Amino acid sequence: MTSKQQNQSKVHGLVLGGGGARGCYEVGAWQAFQDCGISFQCVSGTSIGAIVGALYTQQTIEPLIRFVHELQPSHIVADMPAIPENFEEIVANRDQLFAFLRGYMKEGTDISPLRDSLSRMFDYDRFMASPIDFACMTFNVTTMKGEAFYKKDMTKDDAVDIILASASCFPAFPMAKIHDDLYIDGGFENNLPIQLCQTMGADDFVVIDVHGPGRVRRIDDDSRLIKRIQPLLPIGNFLDFSQAQAVRSLRIGYLETMKYYDRFCGYLFTFDRNSWPKIYMCEKYLDLVLHGRIEVSFELTEKAYMRILGYKPAPLANRYAEAYRYGRLIECLAFEVGMDPVRLYDFNHFLRDLDERL
């Protein structure tokens, strides 16, 4: 058996973390998997990760992409206003906000719009016929224990209820009822259900962690973890269901996952793969010119990002990372002059634009 055949015979797992609106990042990552020819034989998810994972199992990404591009807060919760970005917006929209809060305090939230959207996108027969296995994490309030549901446990009558139970982010969302028990968001038990992938027989797995609120349980053996994909750029509040932020998060998920798999290069900014020879030449030239005069370490670039962006971005492990040092400082200049990191650049055009702005 060749190494390629051995690789094909392995069970590859995908773990999708919870994170509300941040799950749009996972949809972009799925687009990147398609472009890279990467597939998984089992998927586990919590909360929004359960919703994306169920649709991944039935292999229907197009309705989910449309859902993201048309997303509004009221598509998740009835009459839900947009999350204000500042005090001025709170004052300007105070009547709508107070009306929503009064209704929430009296009757809770109405998530029928989310249920309707999921019911339209979810195809039980296609889901069950798929060779991809599935599991999601919930928290059973009746027994006060985490409870996993596997594809084999799901029926046509309760499948949507189970998926929504995993995403019932209490107290923002109401408790879900399945049979005689009450359930809330699986993040109360485990926001990154790696163990479920292991139970389904995954030989290795990829984890997408969008850092949503919830508990993350450690695993004793992570030797089967091939990649941990996590956002490098900010992807917004987990309750920000605005269209602009949803589309931006999807785009970030696509661009960054392509970098995790070596299809694109750069760090927080993204360049097509054809740009790498030019970038590498610049790195070597600056090494030659500055040798002995200044040392550009990764610690220095981390401090620069911290000063400019106010946070330390996650590490990016790919074939380009070790050789890409001066480029990170050039990216800092690009942030300073207001260039948009959420687009795919040609390095020559990037430098020309940066030069004009400087």
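The structure is a predicted model, in which local features need pLDDT of at least 70 and side-chain atom pairs count only at pLDDT 80 or more, while totals for chains, interfaces and linings use all residues. Residues are numbered from 1 along each chain as its sequence is written, and side-chain values use heavy atoms, with hydrogens and water left out.

The protein chain contains 15 helices and eleven strands; helices (H or I, at least four residues) and strands (E, at least two) are DSSP runs, numbered from the N terminus. Of the 358 residues in the chain, 48% are buried, where buried means under 20% relative accessible area, exposed over 50%, and partly exposed in between (1.4 Å probe, protein chains only). The accessible surface comes to about 17,900 Å², and carbon and sulfur atoms account for 52% of that area; the areas come from the Shrake-Rupley method with a 1.4 Å probe, and for residues only the protein chains shown count as cover. Among contacts in the chain with a separation of 6 or more, 73% join residues 24 or more positions apart, a contact being heavy atoms within 4.5 Å.

Confidence is expressed as pLDDT, the predictor's confidence in each residue, from 0 to 100. The chain averages 88, and 88% of its residues score at least 70. Two segments stay under 50. Residues 1-6 do so, with two contacts beyond four places in sequence. Residues 96-107 also have pLDDT under 50, and for these the model has 15 such contacts beyond four places in sequence.

The interior can be described through its nonpolar cores, each a set of buried Ala, Val, Leu, Ile, Met, Phe, Trp, Tyr and Cys residues joined through side-chain atoms within 4.5 Å. The largest core has 89 residues, and Phe 33, Phe 122, Ile 208, Phe 271 and Phe 350 touch the most other members. Helix 2 (residues 24-36) gives this core its largest share, eight residues. A second, separate core holds 13 residues, including Leu 196, Met 200, Phe 205 and Val 207. Beyond its neighbours within four places in sequence, Ile 208 contacts residues including Leu 14, Tyr 25, Ala 29, Phe 33, Leu 192 and Ile 229. Thr 257, in helix 11 (residues 243-260), is buried at 0% relative accessibility. Leaving out residues up to four places away in sequence, Thr 257 touches Ala 29, Ala 32, Phe 33 and Ile 229.

Helix 12 has 15 residues and reaches 21 Å from its first C-alpha to its last, close to the 21 Å expected at 1.5 Å a residue; the expected span is 1.5 Å times one less than the number of residues. Its buried residues include Trp 276, Ile 279 and Glu 283. These cover an arc of only 65° around the axis, which puts them on the same side of helix 12; the arc is that of the directions from the helix axis to the C-beta atoms. An α-helix has 3.6 residues a turn, so residues three or four places apart point the same way. On the face turned away from the buried side of helix 12, Pro 277, Met 281, Tyr 285 and Leu 288 are exposed. Cover for the buried residues of helix 12 includes strand 9 (264-265), strand 10, helix 14 and helix 15.

In helix 14 (residues 326-336), the buried residues are Tyr 326, Gly 327, Arg 328, Glu 331, Cys 332, Ala 334 and Phe 335. Their cover includes strand 10 (270-272), helix 12 (276-290), helix 13 (298-309) and helix 15 (347-357). Just after helix 14, Gly 338 takes a positive phi of about 85°. Helix 15 buries Phe 347, Phe 350 and Leu 354. Seen down the axis, these fall within an arc of 55°, so they line one face of helix 15. They pack against strand 10, helix 12, helix 14 and strand 11 (344-345), while Asp 355 and Glu 356 are exposed on the other side of helix 15.

Most residues other than glycine have a negative phi. Ser 47, although not a glycine, has a positive phi of about 60°; Ser 47 lies in the loop between strand 2 (42-46) and helix 3 (48-57) and is buried at 7% relative accessibility. His 179 is likewise not a glycine and has a positive phi of about 60°. His 179 occupies the loop between strand 5 (176-178) and strand 6 (181-185), and is exposed, with a relative accessible area of 63%.
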